[in-house]
Amino acid sequence: MLLTRVITAVAILVVLVGMLFFASAIAWSLFVLAIALLACWEWSRMCGLTPRGQGVFLFATGVLGAAFWLLYARAAEGAFVPAASIAFLVSAGFWILVAAPWLARKARPGPVACASAGWVVMWPTWFAFVVLRDVSPWLLLAISALVWVADIAAYFAGRRFGKRKLAPAVSPGKTWEGVYGALAGVALYGIVLSLVSHAYATPISAIFAPALGIPAIACMLLLVALSVAGDLFESWMKRGAGLKDSSSLLPGHGGILDRVDALTSTLPVAALLLFLLSMRAA
């Protein structure tokens with residue numbers, strides 16, 4: 001299993017880096033569209049839909065995906081950017097106002113509500129993948145790395161210090177000490193980015209310019225909290241469906257959602273924060 005995990009991880013890394021830095025904008029949008037569609041298929045398995053309901057959901061998902069992609073590929077920027085901004089606002093509202101109360105409930109909403117939540121989770125993420133990469137591949141990589149740093153720091157802090165369970169009914173392995181470790185790790189990551197951004201001209205220098213990067217680091221810590229929510233929400237959906245993994249599409253790693261769960265709650269909100277920052281600068 002370890003060898004399988006390593007081979008799969010290397011293959012994923014090579015494909016992602018190659019697409020991120022060398023693919024055209026259209027090719028990248030299609031690539032992440034395929035990821036979003038597969039993730040929606042995995043989501044449909046966790047909603048409690050009937051076979052007919054799942055078929056309707058997947059058909060509507062394909063129609064939405066085609067419409068969003070055509071908006072990007074054929075429409076002027078003046079149409080795509082407002083649509084993306086609305087998607088980011090909807091995503092932020094969902095994670096703050098809907099996901100948290102759902103996680104606190106013992107009973108899940110009905111299949112239709114769960115299925116609709118899948119669109120709110122995945123389509124803003126697709127918009128964020130496209131918009132952030134259009135701004136700079138390095139920017140998208142830096143924000144994604146925030147989630148990876150948080151995961152790694154949480155893992156080691158949880159193993160070493162973990163005592164108080166974060167959400168035992170949803171994800172028994174997560175602890176509050178792991179969350180504190182994630183916050184500390186991302187704070188250190190933010191300090192490093194701030195120092196580099198002030199020493200050299202980078203695609204993210206403007207983000208860390210105000211007040212020695214303190215506001216940017218504060219936003220990064222907010223994104224850590226959202227990454228935890230995204231991870232817990234997907235675990236909550238899987239537990240409700242009686243599944244260990246969202247699928248077996250990635251040998252040794254589970255499914256697409258198992259790998260992007262924390263990104264679904266962080267990337268759209270990060271894009272929204274950057275959009276608000278650009279409006280303030282203008």
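## Basis of the description

The model is predicted, so local features need pLDDT of at least 70 and side-chain atom pairs count only at pLDDT 80 or more, while totals for chains, interfaces and linings use all residues. Residues are numbered from 1 along each chain as its sequence is written, and side-chain values use heavy atoms, with hydrogens and water left out.

Helices (H or I, at least four residues) and strands (E, at least two) are DSSP runs, numbered from the N terminus. Helix H1 covers residues 2-22 and includes Val6. Together with Leu2, Val10 and Val14, Val6 forms a nonpolar patch on the surface, with about 380 Å² of accessible area in total. Such areas come from the Shrake-Rupley method with a 1.4 Å probe; for residues, only the protein chains shown count as cover. Patches consist of residues with over 30% relative accessible area and no salt bridge; like charges are joined within 9 Å, and nonpolar side chains (Val, Leu, Ile, Met, Phe, Trp, Tyr) within 5 Å.

Val6 counts as partly exposed, because its relative accessibility is 42%. Buried means under 20% relative accessible area, exposed over 50%, and partly exposed in between (1.4 Å probe, protein chains only).

## Helix H2

Among the buried residues of H2 are Trp28, Val32, Leu33, Ile35, Glu42 and Trp43.

## Salt bridges

The structure holds 4 salt bridges, each a side-chain nitrogen of Lys or Arg within 4 Å of a carboxyl oxygen of Asp or Glu. In one of them, the closest N and O atoms of Arg164 and Glu177 are 3.2 Å apart. This pair links distant parts of the chain, 13 residues apart: Arg164 is in the loop between helix H6 (137-161) and strand E1 (165-167), and Glu177 is in helix H7 (residues 176-199). Arg164 is partly exposed at 45%, whereas Glu177 is buried at 14%.

Lys174 and Asp231 also form a salt bridge (3.4 Å, N to O). Lys174 lies in strand E2 (residues 171-175) and Asp231 in helix H9 (residues 214-241), so the pair ties together parts 57 residues apart in sequence.

Lys238 and Asp258 form a salt bridge at 2.8 Å between the closest N and O atoms. Salt bridges that share partners join Glu234, Lys238 and Asp258 into one network. Both Lys238 and Asp258 are buried.
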